[in-house]
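Me: I'd like to learn how to read packing and charge pairs in a structure. Could you walk me through a few features?

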Amino acid sequence: MSNRIPLAEMATYYTPELTLLLTDLGKIAQTMNIVEMVTPVNAGEEKQRWLELAAHGKWMNPDFRYNRELLGSVAKLHADTVEVGQTMKTAFESISGGEPGKVLYQLAEQRYQEVYLTTMLAKYMLEERQAGARDMVNKIFGAPAASTVAAAHDFARALANGKGKVREDNDNLKRIRRELKDLEFDAEKIRENFVWMAQECGIAETRPVVVDEATTSIDVRDKSLKGAVVSIPADRKVSGLKLVELTGHEILCHWCDSERAIKALPLIGGGALKPADEVLYEGHATLTDFNTHLMLGDAAPRQQLPFYVIAMDLAEQGLNFAELARVMYDVIRPTKLSDETALNQTWTTCYRVLRGSNGQNSYIGQYVFTKDRAYFEGRLVADKLHMEQMDSILELSTLSLGDVELLKTVVDFPKGEDNLAQTKSRLQKLVQRLLDDEVVF
């Protein structure tokens, strides 16, 4: 008989000393969002300028500028982080209960290291020390394995050959898709529907959903300058079809998963101390995207977008933004319907892989922002877990893969629950709401 315990029992091993450590560390980390740190304040202007030139065959390096006030505020938290770290020995000594207690402490120690490294990343970015920033990013996010890079190239070729997607379509679904595509939702209407779905899930009161001029993409953040928040760009407009996909990805996966993980592992499962590794986080969400496309009879990718991983590998070899874009355009163009779409995808790929750097240096081992390996790698992991009927792990996707491996030594994760079936049911309800029609799938 297994001596592993249910995940819910891990909370019984918290001690007042450990709780104090995590609370103090969370207060430091709660506004410390790496994505905000590496988002250029002039990203929109540079994108427009870059696209105009690229459309005429001119590949240029953007001139990214960053929020120095934000970087300075995070860098100043380094001293507070070190001070909290001095209480870790006391917290460790307070935990009893054998292996579960040891695992809990290891998780806390990993969270401390991530906060520490984040303050150092801010410091190096502020000082424009790209080599130092690169080291911090590598330690925080890691890099895609060679096997992952090879798989990404294979899938890119499949997309170019028209073999990368699958669909299950019929006349009824064609009608539903057509009606959804005819609807348009601005940022405020997106917000209203996100809130509605959050209410359906019983989580609406856990964080605000805001429309923000500074946000560049829809994002569920467990920590930010505003704390835990769902942020929507003020200029974002989507069709009803896209809104259904976004709701599944952002609300039914990211937001719901975070709340489940916080409940299971207070102060550490999500929230201010959510780990930076998002392989499970994006894996669950992109697998849900796939099933949403299938549900609506739309073309669904057999794997996930491979371009970030390919670009990371190339940038690691020393290509700057312009050089990387020229190569990636040749990879992306055969998979897109128009040159305009391909150029936009090229910009997005290079921008996300080099954000946080100036994008202009060209030397071996330059800065590469590897966070977005989580999409391609995560989808591979999520597919495997779902096939193994381990949706109970996917439902806690704010945890890192390292967290799960640690927890598996003491926790019994149950098999059998099909999270995707419940997600499909909720999205069908959303479609009925959007079309004001009792549609049948």
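Me: Let's start with accessibility. Is Glu-128 buried or exposed?

Reply: This is a predicted model, so every value here is computed from its atoms. A residue counts as exposed when its relative accessible area is over 50%. Glu-128 has 67%, so Glu-128 is exposed.

Me: Which residue forms a salt bridge with Glu-128?

Reply: The idea is to look for a side-chain nitrogen of Lys or Arg within 4 Å of a carboxyl oxygen of Asp or Glu. Here the partner is Arg-68, and the closest N and O atoms are 4.0 Å apart. The two residues come from distant parts of the chain, 60 residues apart: Arg-68 belongs to helix α4 (residues 68-75), while Glu-128 sits in the loop between α7 (99-126) and α8 (130-141). Arg-68 has a relative accessible area of 47%, so Arg-68 is partly exposed.

Me: Where do Glu-99 and Lys-102 lie?

Reply: Both are in helix α7, three residues apart, which is about one turn of the helix. For accessibility, Glu-99 is partly exposed at 46%, and Lys-102 is partly exposed at 43%.

Me: How many salt bridges does a search of the whole structure find?

Reply: The search finds 35. One of them pairs Glu-36 with Arg-221, with 2.9 Å between the closest N and O atoms. This pair also links distant parts of the chain, with Glu-36 in helix α2 (residues 34-38) and Arg-221 in strand β4 (residues 219-221), 185 residues apart.

Me: Why do Glu-36 and Arg-221 count as buried?

Reply: The cut-off to keep in mind is that buried means under 20% relative accessible area. Glu-36 is at 15%, so Glu-36 counts as buried. Arg-221 is at 10%, so Arg-221 counts as buried too.

Me: Now for contacts. What does Glu-377 touch, not counting residues up to four places away in sequence?

Reply: Leaving out those sequence neighbours, Glu-377 touches Ala-143, Pro-144, Ala-145, Thr-148 and Val-279. Glu-377 lies in helix α17 (residues 373-387) and is buried, with a relative accessible area of 12%.

Me: And what is His-249 in contact with, leaving aside its neighbours within four places in sequence?

Reply: The contacts of His-249 are His-254, Glu-282, Ala-285, Thr-286 and Asp-289. His-249 is in helix α12 (residues 240-264) and counts as buried at 9% relative accessibility.

Me: Last topic: helix packing. How are two packed helices described?

Reply: Take helix α11 (residues 187-201) and helix α20 (residues 419-435), whose axes come within 11 Å and cross at roughly 135°. That angle makes α11 oblique to α20. The crossing is right-handed.

Me: Which residues meet where α11 passes α20?

Reply: From α11 come Glu-192, Asn-193, Trp-196, Met-197, Glu-200 and Cys-201, and from α20 come Arg-426, Lys-429, Leu-430, Arg-433 and Leu-434. Sorted by class, this contact has five nonpolar, one polar and five charged residues.

Definitions and conventions:
Residues are numbered from 1 along each chain as its sequence is written. This is a predicted model: local features need pLDDT of at least 70, side-chain atom pairs count only at pLDDT 80 or more; totals for chains, interfaces and linings use all residues. Side-chain values use heavy atoms; hydrogens and water are left out. Axes are lines fitted to C-alpha atoms, for helices over the stretch in contact, and angles run from 0 to 180 degrees between N-to-C directions. Helices (H or I, at least four residues) and strands (E, at least two) are DSSP runs, numbered from the N terminus. Angles under 35 degrees count as roughly parallel, over 145 as roughly antiparallel, 65 to 115 as roughly perpendicular and the rest as oblique. A crossing is left-handed if the near helix is turned anticlockwise from the far one by less than a right angle, and right-handed if clockwise. Contact means heavy atoms within 4.5 Å. Ala, Val, Leu, Ile, Met, Phe, Trp, Tyr, Cys and Pro count as nonpolar, Asp, Glu, Lys and Arg as charged, and the others, Gly among them, as polar. Buried means under 20% relative accessible area, exposed over 50%, partly exposed in between (1.4 Å probe, protein chains only).
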